[in-house]
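Here's a quick briefing to read with the model open in your viewer.

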There are 2 protein chains.
Amino acid sequence: MFQLCHDGRMSKPAHPTARRADALSKARIVEAAIEILDARGEAALTFRALATHLATGSGAIYWHVADRNDLLAAATENVLARALMKVAREGEPRAAIRAVALAVFDVIDAHPWAGAHLSREPWHSGVGEIFERIGGWLEPLGVPIDAQFDCASALTNYILGVAGQNAANARTLPDGTDREAWLEAVGKRWIEDDPESRPFLRQMAAQLSEHDDRQQFIAGVDFILAGACIRRIA
Amino acid sequence: MFQLCHDGRMSKPAHPTARRADALSKARIVEAAIEILDARGEAALTFRALATHLATGSGAIYWHVADRNDLLAAATENVLARALMKVAREGEPRAAIRAVALAVFDVIDAHPWAGAHLSREPWHSGVGEIFERIGGWLEPLGVPIDAQFDCASALTNYILGVAGQNAANARTLPDGTDREAWLEAVGKRWIEDDPESRPFLRQMAAQLSEHDDRQQFIAGVDFILAGACIRRIA
DNA sequence: ACCTGAACACCGTTCAAGT
DNA sequence: ACCTGAACACCGTTCAAGT
């Protein structure tokens with residue numbers, strides 16, 4: 001899978017150490033990092049693996065990238081920006097906000113490591129864009145002016161929160177596992193932690209293992225929007 | 001600060017290696033871990049530091065604890081359970097839900113590392129309790145039956161999400177830093193990332209650096225509750 | 001300017017050996 | 001049963017030396 005020459009050119013390298021013909025750059029490094037992260041998860045992204053993948057030394061990477069965190073940040077920014085760029089332009093406020101929210105949901109579903117990083121460093125510039133792209137629709141949606149900041153903030157926090165949870169789930173439910181059985185086990189454990197009671201969890205047990213994450217995510221977005229549209233009483 | 005004998009007994013140890021008189025136990029280990037985590041942060045919790053703190057060998061810790069993750073999980077469960085236990089029993093639904101939410105908010109404000117762990121492993125038994133303690137009030141609050149699961153889920157996700165963000169903030173804003181200046185800098189950067197536009201962020205800039213996190217957190221909880229009480233139209 | 005790769009200062013975890 | 005601490009297999013990061 002990881003070949004020394006991954007650019008397709010089959011020319012025999014002059015040096016046995018196989019120095020690449022094309023120059024290193026931050027963009028190329030980030031691209032390689034994303035490949036490793038997607039294929040083998042966050043723990044697999046080591047400077048040694050990355051150096052091998054890029055057919056270089058680990059020190060070379062440090063010439064273009066400050067440290068591991070910088071690398072993770074750049075990779076996260078990359079996939080997030082790409083996802084937000086592809087969001088269809090909507091004309092209706094609710095649909096537009098949903099589209100942004102779902103784009104973030106989906107990009108983190110596809111790249112769980114990005115969700116983890118986003119909830120570790122929420123001041124990413126991509127988060128600013130989420131905030132803006134959502135906030136701009138609150139006025140036309142009818143959210144009172146003095147509730148708009150709280151509302152945009154709640155939505156952003158909610159989206160990043162769910163993103164983080166999803167990243168966690170993806171991390172512990174690697175491909176093969178039976179999602180429904182696992183959720184059922186978690187639910188059962190939650191109930192058994194307090195065998196005397198927990199009536200609400202007992203009642204919700206079925207839904208807990210059968211619900212659709214993506215649909216439930218949107219339900220939460222709708223709650224926040226609906227709640228923010230109401231002029232508060234006290 | 002970290003003395004070999006921290007139990008107050010000043011008896012001279014028989015061995016120069018200072019073997020403790022009191023036996024090791026998971027409870028004592030977790031307690032020591034919490035002290036280190038609170039005092040010096042998540043990165044400072046190493047088995048070597050913990051072993052020194054407990055005046056033992058690193059291998060001894062493994063007799064009582066599976067691995068580092070197990071330790072972090074137990075510490076998180078510990079502070080969370082303690083915080084939830086102290087929540088005042090309320091009679092009114094909205095006040096009761098707010099009380100639980102604020103308890104989680106405050107415990108993570110006090111122990112940021114717990115917030116980080118909670119958003120990495122949201123199937124903790126403590127999360128089940130949050131879910132139950134909130135969910136049980138939705139019926140009396142007037143949330144329609146078919147919205148209760150989505151609502152409890154949205155609230156839990158929101159709470160854990162904000163918890164994670166707060167943990168992140170606490171991690172990067174260590175004691176001394178000027179919080180307001182830092183938030184202002186983040187806001188400015190977000191605006192400058194797209195100098196053509198970002199009108200919403202521009203408008204919210206002042207609020208971004210001046211708002212009260214705790215109050216904004218509760219505003220989000222109220223949005224979700226208000227939105228869930230409305231019978232949905234489509 | 002950019003790249004190399006050995007070296008340094010750490011980790012978590014294991015395990016033979018002790019009591 | 002429980003504890004000890006050296007040893008192992010890794011890390012991120014640095015840096016003198018190369019081109």
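A polar backbone atom of A:Leu24 sits 3.2 Å from a phosphate oxygen of DNA strand C. Keep in mind that this is a predicted model.

**DNA strand C**

- How many residues surround DNA strand C? There are 21 of them, and the closest are A:Thr56, A:Gly59, A:His64, B:Arg48 and B:Tyr62.
- From chain B, a polar backbone atom of B:Phe47 is 3.1 Å from a phosphate oxygen of DNA strand C.
- H3 of chain A, along with helix H2 (47-54) and H3 of chain B, are the elements giving two or more residues to the surface near DNA strand C.
- H3(A) has the largest share of that surface, at five residues.
- Sort the surface near DNA strand C by class and you get six nonpolar, nine polar and six charged residues.
- On the DNA side, sugar or phosphate makes up 53% of the atoms of DNA strand C within 4 Å of the protein, and bases make up the rest.

**DNA strand D**

- DNA strand D also has its surroundings: 21 residues, with A:Arg48, B:Thr56, B:Gly59, B:Ala60 and B:His64 the closest.
- Of the atoms of DNA strand D that come within 4 Å of the protein, 54% are accounted for by sugar and phosphate.
- Two side chains reach phosphate oxygens here: an N or O atom of the A:Tyr62 side chain is 2.9 Å from one, and an N or O atom of the B:His64 side chain is 2.6 Å from one.
- Which part of B:Gly59 lies 3.2 Å from a base oxygen of DNA strand D? It's a backbone N or O atom of B:Gly59.
- Helix H2 (47-53) and helix H3 (58-64) of chain A, plus helix H3 (58-64) of chain B, each supply at least two residues of the surface near DNA strand D.
- H3(B) gives the most to that surface, with five residues.
- By class, the surface near DNA strand D holds six nonpolar, nine polar and six charged residues.

**Where chain B meets chain A**

- Each side brings a set of residues to the contact: 57 from chain B and 57 from chain A.
- The copies meet through the same surface, because 100% of the interface residues of chain B are also interface residues in chain A.
- About 4,900 Å² is buried between chain B and chain A, and carbon and sulfur atoms give 65% of that.
- Which residues of chain B lose the most area to chain A? They are B:Trp123, B:Phe149 and B:Phe223, together 18% of what that side buries.
- Between chain B and chain A, the count is two salt bridges. One of them pairs B:Arg198 with A:Glu129, with the closest N and O atoms 3.2 Å apart.
- Polar contacts between chain B and chain A come to 18 residue pairs, with both residues at pLDDT 80 or more.
- On chain B, helix H6 (112-120), helix H7 (125-135), helix H9 (145-172), helix H10 (179-192), helix H11 (199-210) and helix H12 (213-229) each supply at least two residues of the side that touches chain A.
- H9(B) provides the largest share of that side, 19 residues.
- The side of chain B that touches chain A splits into 29 nonpolar, 19 polar and nine charged residues.

**A link inside chain A**

- Over all chains, the salt bridge count comes to twelve.
- A:Asp106 forms a salt bridge with A:Arg214, and their closest N and O atoms are 2.7 Å apart.
- That pair links distant parts of the chain: A:Asp106 is in helix H5 (residues 93-110) of chain A and A:Arg214 is in helix H12 (residues 213-229) of chain A, 108 residues apart.

Methods
Residues numbered from 1 in each chain as written. Chains lettered and ligands numbered in written order. Predicted model: local features only at pLDDT ≥ 70, side-chain atom pairs only at ≥ 80, totals over all residues. Heavy atoms only, no water. Contact = heavy atoms within 4.5 Å. Buried area = accessible area lost by both parts, 1.4 Å probe. Salt bridge = Lys/Arg side-chain N within 4 Å of Asp/Glu carboxyl O. Polar contact = N/O pair within 3.5 Å; in protein donor to acceptor, adjacent residues only side chain to side chain. Helix = DSSP H or I, 4+ residues; strand = E, 2+ residues; numbered from the N terminus. Nonpolar A, V, L, I, M, F, W, Y, C, P; charged D, E, K, R; others polar. Near = heavy atom within 4 Å.
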